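Here is a short briefing on one protein chain. Look through the sequence and the structure, then read the points below.

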Amino acid sequence: MTIKAGDRIPKANFSIMTPEGPALRSTDEIFKGRKVILIGVPGAFTPTCSNAHLPGFVNKAEAFKQKEIDEIAVTSVNDVFVMDAWGKATDPAEKISFLADGSGDFARALGLTLDLSERGLGLRSQRYAMFVDDGVVKKLNVETSPGKADASSAETLLEQI
């Protein structure tokens with residue numbers, strides 16, 4: 001079953017990089033009592049993710065804050081080391097939180113997986129952007145093609161909230 005507006009975010013843990021090394025961060029820590037933008041991408045360092053999707057959210061971070069958004073986070077089925085390197089390469093000002101879903105458990109729990117095995121990438125997350133308020137999905141924009149970042153763009157989501 002695919003998550004939709006009105007549903008609660010499933011319980012899960014992400015891996016994050018801290019100054020002391022990898023650590024876990026739960027969905028409760030991220031979403032409980034907070035307004036969060038969550039971006040799902042098929043892969044760190046991939047062309048659409050790095051060149052079209054994520055930069056919009058980095059560039060519009062202040063506009064989201066003006067709408068009382070507490071955090072913008074991106075998740076991908078990549079390990080914590082890759083997500084950390086991608087964050088340093090694409091968001092040196094640290095406007096976005098990078099959440100590793102290394103085994104794809106969160107993507108599966110959302111029902112938003114994408115099988116890219118024929119491209120050598122295995123099971124990945126679909127491309128999406130969602131607005132979550134206190135753990136409840138308020139807006140969810142899922143792309144029909146992993147190579148596009150239109151419906152899930154920062155501009156589209158900003159207009160909706």
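A residue is called buried under 20% relative accessible area, exposed over 50% and partly exposed in between, using a 1.4 Å probe and protein chains only. By that rule Thr156, with a relative accessible area of 24%, is partly exposed.

This is a predicted model, in which local features need pLDDT of at least 70 and side-chain atom pairs count only at pLDDT 80 or more, while totals for chains, interfaces and linings use all residues. Residues are numbered from 1 along each chain as its sequence is written, and side-chain values use heavy atoms, with hydrogens and water left out.

**Thr156**
- Thr156 sits in helix H6 (residues 154-160); helices (H or I, at least four residues) and strands (E, at least two) are DSSP runs, numbered from the N terminus.
- Leaving aside neighbours within four places in sequence, Thr156 is in contact (heavy atoms within 4.5 Å) with Asn141, Asp150 and Ala151.
- Between the C-alpha atoms of Thr156 and Asp79, 77 residues apart along the chain, the separation is 28 Å.

**Nonpolar cores**
- A nonpolar core is a set of buried Ala, Val, Leu, Ile, Met, Phe, Trp, Tyr and Cys residues joined through side-chain atoms within 4.5 Å.
- The largest such core has 24 residues, and Ile37, Phe57, Phe64, Ile72, Val74 and Trp86 touch the most other members.
- Among the elements that give two or more residues to this core are strand E3 (35-41), helix H3 (61-66) and strand E4 (71-76), but helix H2 gives the most, with four residues.
- A second, separate core of 18 residues includes Ile3, Val36, Tyr128 and Met130.

**Aromatic pairs**
- Three aromatic pairs are found in the whole structure; rings of Phe, Tyr and Trp (its six-membered ring) pair if their centres lie within 6.5 Å, and planes under 30 degrees apart count as stacked, over 60 as edge-to-face and the rest as tilted.
- Trp86 and Phe98 form an edge-to-face pair, 5.6 Å centre to centre with 80° between the planes.
- Trp86 lies in helix H4 (residues 80-90) and Phe98 in strand E5 (residues 97-100), so this pair ties together parts that are 12 residues apart in sequence.
- Trp86 is buried at 0% relative accessible area, and Phe98 counts as buried at 13%.

**Arg127**
- Arg127 is in the loop between strand E7 (123-125) and E8.
- The side chain of Arg127 reaches the backbone oxygen of Lys148 at 3.0 Å.

Notes
A polar contact is a pair of N or O atoms within 3.5 Å; within protein, one must be able to donate a hydrogen and the other to accept it, and residues adjacent in sequence count only if both atoms are side-chain atoms.
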